[in-house]
Amino acid sequence: MRFRDRRDAGRCLADLLRHYRGHPDVIVLALPRGGVPVGYEVAQALSVPMDVLLVRKLGMPGQEELAMGAIAGGDVVLNEDVVRHIPQDDVAAVIRRESSELRRRDAAYRSGRPVAEIEGRIVIVVDDGLATGASMRAAVQALRPRNPKKIVVAVPIAPRSTRREFAMIVDEIACLVTPEPFSAVGRAYKDFTQVSDDQVRSLLR
């Protein structure tokens, strides 16, 4: 399966989640920026509200595309097998930089709106795909103390190993394709153009 773009993927993904349509306790939380167009279509199809859950990947110094962990709110998730080979000062510098970017995005996207209340609710966490799953793990870890009734991870594409991992740590996972061998999330999309801040703000409005 190959999707035209993220919004097409969201419409396909919503079909896996149709049992939540119109459920009063459901909320979609999308991971910016790529997860927002996907989450928007899911929320529209299910007739439920959507908000963003701010998460940042922590890239390895000098190899930023490789994740050594992720940060969501005050929660930092690190891949210990990776960071033990990196000086602690370098890891701390990356955490400071990405924390600053999270604060910027919070101000840019929320425009003063409070964080959505999720206690006792079914939370569907959406992204445009999983690779290592570091950002999604940080998202799940940040949600736990807020006492949701249920955490559902929903993505169009993930490696089989990552899908199996999340099946053990969340209440439900919805995933359309698990290609083997897995190469990259973007390979599942004809159009994988980067999502802008303006697009995120527009969809949230």
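A residue counts as buried when its relative accessible area is under 20%, as exposed when that area is over 50%, and as partly exposed in between; the legends below use these words for a predicted model.

**View 1. The two cysteines Cys12 and Cys175 in the predicted model.**
Cys12 has a relative accessibility of 26%, so this residue counts as partly exposed, whereas Cys175, with a relative accessible area of 11%, is buried. A disulfide is a covalent bond between the sulfur atoms of two cysteines. The cut-off for such a pair is 2.5 Å between sulfur atoms, and because the sulfur of Cys12 lies 12 Å from its closest cysteine sulfur, in Cys175, the two are too far apart for a bond. Cys175 is accordingly in no disulfide, and the count of disulfides comes to zero.

**View 2. Leu13 in the largest nonpolar core.**
The largest nonpolar core has 44 residues, of which Leu13, Leu17, Tyr20, Val28, Met68 and Ile124 touch the most other members. Leaving aside residues up to four places away in sequence, Leu13 touches Val38, Val42, Val126, Ala154, Val155, Pro156, Ala174 and Leu176. A second core, separate and made of 29 residues, includes Ile27, Leu31, Val77 and Leu143.

Conventions: Residues are numbered from 1 along each chain as its sequence is written. This is a predicted model: local features need pLDDT of at least 70, side-chain atom pairs count only at pLDDT 80 or more; totals for chains, interfaces and linings use all residues. Side-chain values use heavy atoms; hydrogens and water are left out. Buried means under 20% relative accessible area, exposed over 50%, partly exposed in between (1.4 Å probe, protein chains only). A nonpolar core is a set of buried Ala, Val, Leu, Ile, Met, Phe, Trp, Tyr and Cys residues joined through side-chain atoms within 4.5 Å. Contact means heavy atoms within 4.5 Å.
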